[in-house]
Amino acid sequence: MSVNESSGERLPGERLSGAEKLRPHAEQAFAGELAALAAQDDRPRPARWKLSPWAVATYLLGGTLPDGTVITPKYVGSRRLVEVAVSTLATDRALLLLGVPGTAKTWVSEHLAAAVSGDSTLLVQGTAGTPEEAIRYGWNYARLLAEGPTRDALVPSPVMRAMRDGGTVRVEELTRIPADVQDSLITILSEKTLPIPELGQEVQAVRGFNLIATANDRDRGVNDLSSALRRRFNTVVLPLPGTAEAEVEIVTRRVDQIGRSLDLPPAPGGIEEIRRVVTVFRELRDGLTGDGRTKVKSPSGTLSTAEAISVVTGGLALSAHFGDGVLRAGDVAAGVLGAVVRDPATDRVVWQEYLETVVREREGWQDFYRACREVSA
Ligand SMILES: Nc1ncnc2c1ncn2[C@@H]1O[C@H](COP(=O)(O)OP(=O)(O)OP(=O)(O)O)[C@@H](O)[C@H]1O
Ligand SMILES: [Mg+2]
């Protein structure tokens, strides 16, 4: 929502177009694709959906429309998985996206909300300190004191707004939210109503309402979902990319998008370095070299696709501003080191060993080896 709801005033910077924003919302960044899909989509749409489930899946996975409009893939991965996620949203069950860090849970949930409801901004960020008001509603205290509890003094949460308008709300990092606060979602998801005892009223969800939650595998055990709540969700597990080729494609695509939004010139030679970064990350993550011959130790931190994307983006900025515009080993080496060595004591040993036993011996990798040696010293 771009207008300050209570006063109707615009905040500074809100008059700028989507292109001027550092990070436009999905529905702004891909407004053209969404409009083309809506115009050519003749399949049935569930109540208040902007697109049919088929068109939502096409928006996520990419494709070419009958009039030749190209829809870029947002998610690179299994079609079935996306279809299950989209069709869940058309039922009365909520969607839980589960996976290890950097598997595009947040990314997919944003694009799903944008395609289904045209609005990805109804968002609750889950933390250990998320209060119940963030899920139910709060009060504008000045008005509460002046008027008592009235509908105008009530500040709706994103969940309440989605229920009222039949939209999609996102809850990020659901399992970080304290268990008793999580439980306030049970009535919402099973009865589709949000009681407001102070007013003797309730908000009944309008058709089209649904909820997408994300949760990190690594957080398992922090605040496990109660079984009552878990039953309200269909869980879709997002996997790490199955092959190095798939991961290279994801990184290339995202780096290209991010680079363009930062006005970085496209760097020739990029694919070679992307391949190497992805190879290094996959081998360290798997504890085994790509040819299956050499066992290597894994570092303490996560080396996900998301980290590979930021290492390459950082390298592009280096080569554009301080190099010759060609992405070279020297531009990504420092980023790789920073991503691998999180714990200076143990990870440094892991890295040195990998560098000397694997990278050093690999044909055609001498420039990469030298660049890594230089920054590791
Ligand atoms: N299969 C994929 N297809 C497209 N993009 C991907 C894929 N996997 C990862 N990415 C990219 O990785 C980046 C990080 O993804 P995101 O932040 O959504 O991860 P996450 O699963 O929410 O991680 P976390 O658990 O740390 O919150 C995004 O820019 C996303 O585009
Ligand atoms: Mg996330």
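Which helices and which strand each supply at least two residues of the shell around ligand 1? In this predicted model, local features need pLDDT of at least 70 and side-chain atom pairs count only at pLDDT 80 or more, while totals for chains, interfaces and linings use all residues. Residues are numbered from 1 along each chain as its sequence is written, and chains are lettered from A and ligands numbered from 1 in the order in which they are written.

The elements that each give at least two residues to the shell are helix H5 (105–117), strand S10 (210–216), helix H11 (244–261) and helix H13 (305–322). Helices (H or I, at least four residues) and strands (E, at least two) are DSSP runs, numbered from the N terminus. The shell around ligand 1 holds 19 residues, and the closest are Pro 101, Lys 105, Thr 106, Trp 107 and Ala 306; a residue counts as near if its C-beta atom, placed from the backbone, lies within 6 Å of the molecule. By class, 9 of these residues are nonpolar, 8 polar and 2 charged, where Ala, Val, Leu, Ile, Met, Phe, Trp, Tyr, Cys and Pro count as nonpolar, Asp, Glu, Lys and Arg as charged, and the others, Gly among them, as polar.

We can now turn to the domains. The protein chain is divided into domain 1 (23–237) and domain 2 (244–376), with bounds from an automatic or database domain assignment. Their C-alpha centres lie 34 Å apart. The contact between them takes 5 residues from domain 1 and 8 residues from domain 2, contact meaning C-beta atoms, placed from the backbone, within 7 Å. On the side of domain 1 that touches domain 2 there are 3 nonpolar, 2 polar and no charged residues. Ligand 1 lies between the two domains, because both give residues to its shell.

The protein chain has 16 helices and 11 strands. Strand S7 (residues 168–172) is joined to S10 by 4 bridges, and Val 169 has Leu 211 as its bridge partner in S10.

Strand S8 (residues 193–196) and strand S9 (residues 201–204) run antiparallel, joined by 4 bridges.

How values were computed
Two strands pair if DSSP finds at least two bridges between them. Two residues are in contact if their C-beta atoms, placed from the backbone, lie within 7 Å.
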